[in-house]
Amino acid sequence: MSNYLTVDKREQIQALLALRWSDRRIAREVGVNRETVGRRRAAIASKPAEAFPGSGDGDGTAADGRGRTGAAKPAEVFAGSGGKPAKAFAGSRSSAEAYRDEVRQKLAAGLTAQRIWQDLVEEHGYGGSYESVKRFVRRAAPERRATTVMHSPPGEEAQVDFFQGPPTLDGEAGQWRRPWVFRMTLCCSRHGYEEAVWDQKLETFLRLHERAFAALGGIPKVVRHDNLKAAVVRACLYDPDANPVYAAFAAHWGFAALPIRPRHPQENGKEERAGGYVKDNALKGRRFDGLAELNAFLRRWNETIARLRIHGTTRKQVWRHYLETDKDALQPLGAAPFSFFRRGTRVVHADGHVEVEAGFYPVPTHLLGRAVEVLWDGRLVRVRHEGRLVAVHARVEPGRYAAAPGAPAASLVSTQRVFLERQLARCGQVGPDLRAWAEAAFAARGVRAMRLIQGTLGLLRRFPREEVLAVARLAAEHGVFRYRIFARLVERRAVQRTLPALLAEHELIRPMSAYALEDLT
């Protein structure tokens with residue numbers, strides 16, 4: 001018994017076809033096969049439309065006896081059906097076709113089909129299914145964009161990058177790890193240098209540059225990198241922030257460090273391809289028992305295979321091309337290696353010190369609470385504020401305090417000792433008598449004498465220096481080491497100095513001989 005459509009389903013299909021739904025969507029909604037919907041579409045397209053009496057073209061054609069006009073118009077066929085309307089279902093349009101340009105824009109932005117379907121539903125009220133959008137995305141060919149070829153003159157540019165190396169035994173950790181392989185490629189000849197390391201720290205990155213320069217026999221004018229953290233503090237399309245240490249390194253060796261645009265690896269394409277060549281040709285499927293063995297293999301491979309190959313782009317032997325172009329065009333090597341230093345930002349503590357690798361270094365007190373720039377290496381610590389050098393100190397061991405400029409390091413036994421030495425130095429500036437009394441007071445009373453000395457120095461703000469020194473001599477002779485007694489003695493001497501002196505003889509005063517006894521009676 002053959003399958004047939006009921007009247008209601010036939011009418012549903014016909015109504016949905018009039019709405020220009022796709023065959024797949026109609027089949028899912030009505031519950032029939034897609035081929036059935038296609039046959040209905042073909043039947044409707046091939047059947048001429050009936051014309052009712054009086055609905056002619058207006059040119060006087062009359063209807064025949066069956067109620068039809070003599071020149072009825074055939075039904076319109078859908079786009080893509082051509083001259084064979086019976087096969088119109090095979091070229092049915094997708095429901096996402098109306099949004100072709102927007103879908104392509106979203107694909108160029110990297111959005112997935114699921115995200116594109118969600119955006120179409122939310123932004124345009126799209127009624128199609130996710131499967132329909134997914135099929136349309138598969139067919140939508142991305143727009144092709146023309147690219148330019150980046151040519152580099154001899155000695156002009158080199159590109160650097162890291163990639164992950166093969167399994168290698170770490171003897172210190174006692175386990176297998178994947179080291180990082182550094183690669184520098186000269187853009188003109190494609191000659192390069194590779195070396196494996198365990199980390200990508202800044203100092204490691206800089207020393208790899210120096211060894212690469214030595215192996216290549218010179219320094220290129222530009223070194224292009226892929227926004228490595230060791231080279232760029234903050235990546236930006238227009239104005240990236242370079243690492244100050246790497247910038248100083250570039251200035252020392254005389255090259256310009258050039259980061260590529262974020263998410264544009266094609267600008268570092270020569271290095272990307274060279275790194276892939278090293279991975280596939282030299283390292284793929286190998287294991288090494290140590291980093292030294294891996295680097296020895298890389299040197300041997302570079303000398304016997306990499307530099308002797310005919311490059312696919314230049315069509316020249318890499319080593320011969322290097323000798324003819326880059327070797328003489330590179331800048332000469334410098335005499336001294338770069339003096340590596342570290343940089344950081346520190347906030348000055350309330351005690352007037354900044355901390356650098358667990359050591360403490362004094363800075364001027366007017367910078368308390370402010371952020372300063374600190375540069376340090378194995379020997380010195382330099383403190384800068386707003387571009388000006390404000391302090392330079394020799395490195396101290398962790399947990400120790402560096403001496404202030406001009407102060408002996410031996411005085412830094414403890415915080416109390418430092419305070420005492422400062423107070424004794426101030427007493428010595430007032431006078432030797434006051435310092436002698438202060439030293440005797442410390443010998444007699446110990447650390448309790450520090451506040452006594454501090455209070456005694458405070459008397460200089462109210463009383464003359466000579467009075468304080470005179471009382472200090474007297475107090476030292478009699479062993480007086482109490483602040484209250486010392487202060488009273490200074491006050492009494494100051495009062496006595498201010499009282500007017502009594503005169504025994506004056507021109508206005510008659511002498512005693514001028515008085516007779518009878519005058520008194």
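## Burial and the basis of this report

A residue is buried when its relative accessible area is under 20%. The structure described here is a predicted model.

## Aromatic pairs

The structure contains 20 aromatic pairs. One of them joins F249 and F338 in an edge-to-face arrangement, with 5.4 Å from centre to centre and 90° between the planes. This pair links distant parts of the chain, the two residues being 89 residues apart. F249 belongs to helix α8 (residues 244-253), whereas F338 lies in the loop between α12 (326-329) and β10 (342-347). F249 has a relative accessibility of 0% and therefore counts as buried. For F338 the value is 7%, so this residue also counts as buried.

A further pair is formed by W437 and F486, whose ring centres are 4.8 Å apart; because the planes meet at 40°, the pair is classed as tilted. This pair, too, links distant parts of the chain: W437 is in helix α14 (residues 432-445) and F486 in helix α17 (residues 483-498), 49 residues apart. W437 counts as buried because its relative accessibility is 0%. The relative accessibility of F486 is likewise 0%, so F486 counts as buried.

## The aromatic cluster

F249 and F338 are also members of one aromatic cluster.

## Helix α9 and its surroundings

Helix α9 spans residues 269-283 and has 15 residues. From its first C-alpha to its last the helix reaches 20 Å, close to the 21 Å expected at 1.5 Å a residue. After α9 comes G285, which has a positive phi, near 80°.

The buried residues of α9 are K270, E271, A274, G275, G276, Y277, V278, A282 and L283. An α-helix has 3.6 residues a turn, so residues three or four places apart point the same way. The elements that cover the buried residues of α9 include the strands β1 (157-164), β4 (180-186) and β5 (192-197), together with helix α10 (291-306).

## Arginines over aromatic rings

Y277, one of the buried residues of α9, has R309 over the face of its ring, at 4.3 Å from the ring centre.

Key
Residues numbered from 1 in each chain as written. Predicted model: local features only at pLDDT ≥ 70, side-chain atom pairs only at ≥ 80, totals over all residues. Heavy atoms only, no water. Helix = DSSP H or I, 4+ residues; strand = E, 2+ residues; numbered from the N terminus. Expected span 1.5 Å × (residues − 1). Buried < 20%, exposed > 50% of the residue type's maximum accessible area, 1.4 Å probe, protein only. Contact = heavy atoms within 4.5 Å. Phe/Tyr/Trp six-rings, centres within 6.5 Å; stacked < 30°, edge-to-face > 60°. Lys NZ or Arg CZ within 6 Å of the ring centre and 35° of its normal.
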